[in-house]
Amino acid sequence: MTHGKHEAHGSRTPRGKHEAHGSRTPRGKHEAHGRHAHSLHAPHGKHAGEHQGPAHRVVAMFVVAALGLATILTRLVVLQVRDANALASMAVDQRVRDLTLPAPRGTIFDDAGTELAMSLPAKDVYADPQLVSDAAAEARTIASVLGAKVAPLRHLLATKTDAHGNALHFVYVERGVSLSMASRLQQAGLAGIGFTADTRRYYPAGALAPQVLGFVGVDGTGLAGLERQYQQLLAGRAGNEVVQEDPDGTLIPQAGSSSTPPVPGDDLVLTIDRDIQYQAQEALAQAVRSNGGSGGSVIVMDPHSGDILAMATYPWFDPNTFAEANPNYLRNRAVTDVYEPGSVNKVITLASALQEHTVGMRERFSVPDQLRVYDAVIHDDETHPVEQMTLSDILAYSSNIGAVKVADTLGADRFYRYLTRFGFGRTTGTGFPGESGGILPPVDTWSGVSLATMAFGQGLAVTPLQMASVYATIANGGVWVQPRLVRGTVDANGKLQPAPAPETRRVVSTRTADAVTRMLAYAVDVGTGVKAQIPGYWVAGKTGTARIPRQNRPGYTKKYVASFIGFAPAAHPALVVAAVIDDPSTIYGGVAAAPLFKDVARFALARLRIPPAAQPPIPPHAVSPG
């Protein structure tokens, strides 16, 4: 025991220390044997561990190292062999950006080549939320430049994943940003914010013919009007460019790129005359306000070509800021909305009877101021004794009873046939988005009073454009010509491609059209249309005053639509003008709409340098003028 203790202490003696430095003296060897001999008598666990520990540790370390190396090698094999393609694809996805190169949208011109809608260079601002370092601060900076709200921008920049948990690397911040705004943002050097080339639609004349032109959304798609109707032609074909970016969003020039250039859209040339359009809008706005109306429409049309020189709807909006406009102002109501035409429809009644020879120009009718037809009592606007009236008198003084008597000579079937020939119950064929065909009930559904009421423009509905086309048919010698807003397109080579020739059809004979023209001129000369007279010109036209039907139930409101539709010069028509005012406090077409016709037609005649023409022959009449 004493010896074993001495051995234990001996390991710390200078001699033991000397052996630790590698002494190979016989005594050291003897000591080794002494320890070995003693270990046979020592406790097995402790002293065996003191001898075997270093070797076991070396072996263990080797095994661990070998296992670690094997694990690393295995992982390398997995990464470089099995997962190589997938990892390469992930790397490409992180670096590569497939950028859409927008095609320059075609320009829309008026008939003289003045730009009405054009595209300007712009920038789309986008973000990679993974690279945005401070969403709140960047949102404040962006909002201050773009004039946007901070909260939505902050949320956009702070959202790192989509609804499926995938990392978001691309979100639009704002599209169609002006170059000056984009430059200010670029100078701010915001992390994760990038820019791509784009264009933005610009309407240089502002609120000029906005319902006709329509507008374009942020993605460059036409949403209304001609922009929508001719979307495919105007839009062209977008290109694309594949580029590579580093983690900071900077392009890697050495990586190269591939691109497909965009194909520009074609240009559109309209029939609209910019100056006439402007004057029509000014006159319309003034007429609506001065007559206490809620809105209105004006159409100026060439009766021979079908070209629409102006088409105005009030109230209007600025297509540059269409998102801020009242939705009710966006429609082109001259083609999309219908109304009961009232007495302007009497032109069809009389033209049909003349064409069918059921009445003659000199024939006289006994006309009271009221008449019972089945279960309805029809009235003239003013009370009067029974009068003898010719067709000219019936039209000039707008007698409802006289129109009913003329329609009776035709019968329902023939009258219905002429209504359809003049274009009622179907669209005019312009292709304008949302164009209405009006409302013309099938003749086999007519009631006992339908023929009578339709004779003076109740019980059916039309658009202002349909009604303008009726008067254009008379002005064009009895031939209906399809209205059009587009004169042609300009292709990539700068060549004008004319629009297809408009559809035409004969409705009544030239002789009938001339007779109706004489009666319409007489109505302006001595009848309800005197306020449409234009100094130096003979005007042919007709007033209309129609009650507005109730919505979703029979009967009429106490509101009216006032209208005047006519053409000039009467003997050699060059222009048709339709003027319609909704719900004027002055009620009557001769009061509210006839002066509007005069203002627009007078300007258009001067603008186009249309010379006056002789007075048409006065038609037979029985009522003394005045």
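On a 1 Å grid over the protein atoms alone, a cavity is a set of points where a 1.4 Å probe fits but cannot get out, while a pocket is an open set with protein on both sides within 12 Å along at least five of seven lines; a residue counts as lining when it has an atom within 4 Å of a point. Grid points are joined across faces, edges and corners, and a volume is the space filled by probe spheres set on the points.

Before we look around: this is a predicted model, where local features need pLDDT of at least 70, side-chain atom pairs count only at pLDDT 80 or more, and totals for chains, interfaces and linings use all residues. Residues are numbered from 1 along each chain as its sequence is written, and side-chain values use heavy atoms, with hydrogens and water left out.

The structure has one cavity of 30 Å³ or more. The largest cavity has a volume of about 60 Å³. Around it you'll find Arg518, Ala521, Tyr522, Asp525 and Trp538, together with Gln615, Pro616, Pro617, Ile618 and Pro619. That lining divides into seven nonpolar residues, one polar and two charged. For these classes, Ala, Val, Leu, Ile, Met, Phe, Trp, Tyr, Cys and Pro count as nonpolar, Asp, Glu, Lys and Arg as charged, and the others, Gly among them, as polar.

Now for the second largest pocket, with a volume of about 1200 Å³. It is lined by 43 residues, and the closest to its centre are Asp380, Asp381, Glu382, Ser398 and Asn400. The elements that give two or more residues to this lining are β15 (376-379), β16 (387-389), β21, β22 and α21 (589-592). Helices (H or I, at least four residues) and strands (E, at least two) are DSSP runs, numbered from the N terminus. Strand β21 gives the most to the lining of the second largest pocket, with six residues. By class, the lining of that pocket has 15 nonpolar, 19 polar and nine charged residues.

Most residues other than glycine have a negative phi, and most peptide bonds are trans. Here are some places that go the other way.

Ser398, one of the residues closest to the centre of the second largest pocket, has a positive phi near 55°. Ser398 sits in the loop between α15 (391-396) and α16 (400-410), and it counts as buried because its relative accessibility is 13%. Buried here means under 20% relative accessible area, exposed over 50%, and partly exposed in between (1.4 Å probe, protein chains only). Asn552 also has a positive phi, of about 65°, and lies in the loop between β21 (540-549) and β22. Is Asn552 buried or exposed? With 81% relative accessibility, Asn552 counts as exposed.

The bond from Tyr314 to Pro315 is cis, with omega near 0°, and Pro315 is in the loop between β12 (308-314) and α13 (333-336). The bond from Ala568 to Pro569 is cis too, with omega near -15°, and Pro569 falls in the loop between β22 (556-568) and β23 (575-582).

**Charged pairs**

Side chains of opposite charge can pair when their charged atoms come close. A search of the whole structure finds 12 salt bridges, each a side-chain nitrogen of Lys or Arg within 4 Å of a carboxyl oxygen of Asp or Glu. Among them are these:

| Pair | N to O distance |
|---|---|
| Glu227 and Arg201 | 2.8 Å |
| Asp337 and Arg333 | 3.1 Å |
| Arg602 and Asp599 | 3.6 Å |

In the second pair, Asp337 counts as buried at 18% relative accessibility, and Arg333 is partly exposed at 23% relative accessible area.

Arg602 and Asp599 are three residues apart in helix α22 (residues 594-607), so about one helical turn separates them. Arg602 is partly exposed, with a relative accessible area of 40%, and Asp599 is partly exposed, with 33%. Elsewhere, salt bridges that share partners join Arg331, Arg333, Asp337 and Asp582 into one network.
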